[in-house]
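User: I'd like to learn how to read helices and aromatic pairs in a model. Can you take me through it?

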Amino acid sequence: MWRALRRLSLTHWIFTGMIAGILLGWLDHGMPDRDFTPVLKPLSTVFLRLIKSVVVPLIFGVLVVGIAGHGDDLARIGRLALKALGYFWAMTTIALVVGLLAGNLAQPGVGVHLPPPDPGAPPPQGEMTFGTFLEHVVPQSFFEAATRNEVLQVVFWSALFAIALTRVQGRPKEAVLAFAEGVAEVMFKFVAIVMRYAPIGIGAAMAVTVAHSGIDIVVNLGKLVLTLYAALVVFVLVAFVPAALLARLPLRAFARQVKDPAVIAFTTTSSDAALPVAMERMIEFGVPRRIVAFVIPTGYSFNLDGSTLYLGVASLFVAQAAGVHMSLGAQLMMMLTLLVTSKGVAGVPRSSLVVLAGTLASFDLPLEGVAVILGVDTLMDMARTTVNVVGNCLAAAVVARWEGELGPVGAPAPAGAGPTIAHRATEPAHRTGT
């Protein structure tokens, strides 16, 4: 029995933890006199904090080594950035179109009654404009950005640091590169250790979610949830699959590599929690580290396809629930607004609601719709976060193919992964349980 349990992979243990968490949450929700949440919540929080603590040093290490290790060719870096950003804008545009089409066809808000507005409620805060987004990109302090896990700010500062490092010669440059490489290697090993705790942390997160929400709210707003899930499936079929086929990616091998970060994203509703594992798996897939280090973290602000699609569906849901008819011109204007403001969505739970509130206020739609959506937002957040993570993994693989640097699955990182990094950052799959 013990030998059979040891042969189970990490994915099997994570699914086992999910099922156990769902059952425990269901029992807790059905017994109001017993509340397991105070016990289970810390177990989930510990896992999220451990995995998020890796994000900043991991991004810094791999990005500095990836850029400064071959920084004499800065035109190459610029070409990579243009290709990645072009891909991001194309995908998010498709996501918005699919979301608005789904909202118009399914009409999920028809028949839903919004609560009356609260006259004492403060004005909405957190509206994201293009100007505030640009200001947000540049950190006041690297350490402040690191403390808040501001991924885009860390990427911006680390990229500038790496470019400056390319202008340094001799031993100082070698010392900094060696330090950054050591940090990256240690962080990948750190992730491997933390992932052994993942089944417990993810199981606890699922139990808390089910215990809090129950199934009643799902029945009342089931049409909205089903509309989003169906739209995400359509988006995957019309955007992800064609992109992978055009880039000549092995779909089965890619699916195997993204299953672990996808499961983590689905169960924790946090893109940040899946970031280290996603980077690790894409390196194993054959994407150079320099491309992984730039494309995936940058995509967390510019390529959140699931969140962008959700914003389109949710905005129309609120308009329909409020009985407000939006003309085609108004919807196109809202689409353009979301196309810009969605770039500021951070990879953390519930951040899409901030952008949604700002968009509703801009188009004079009632903010009470956010309160209604909040009841099922966790269920929708699971799906949209999963699509976010898978979309960024796909972006890294596609850009690597465009650059002609995508290696075979499991092979050493192609040239450009760093001056001395030529092996996998993690243990072989049969030893890590992946």
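**Helix and rings**

Analyst: Start with helix H15 (residues 289–302): its 14 residues reach 19 Å from first C-alpha to last, close to the 20 Å expected at 1.5 Å a residue. Helices here are DSSP runs (H or I, at least four residues), numbered from the N terminus, and the expected span is 1.5 Å times one less than the number of residues. This is a predicted model, where local features need pLDDT of at least 70, side-chain atom pairs count only at pLDDT 80 or more, and totals for chains, interfaces and linings use all residues. Residues are numbered from 1 along each chain as its sequence is written, and side-chain values use heavy atoms, leaving out hydrogens and water.

User: How many of the residues of H15 are buried?

Analyst: 14 of 14, so H15 is mostly covered; buried means under 20% relative accessible area, exposed over 50%, partly exposed in between (1.4 Å probe, protein chains only).

User: And how do I read a ring pair?

Analyst: You describe a pair of aromatic rings by the distance of the centres and the angle of the planes. Rings of Phe, Tyr and Trp (its six-membered ring) pair if their centres lie within 6.5 Å; planes under 30 degrees apart are stacked, over 60 edge-to-face, the rest tilted. That gives eleven aromatic pairs. Phe60 and Phe142 sit 5.9 Å apart with planes at 55°, so they're tilted. Phe60 is in helix H4 and Phe142 in helix H7, so the pair ties together parts 82 residues apart in sequence.

User: Which pair is stacked?

Analyst: Trp157 and Phe161 are one, at 5.4 Å and 20°.

Terms used. Helix = DSSP H or I, 4+ residues; strand = E, 2+ residues; numbered from the N terminus.
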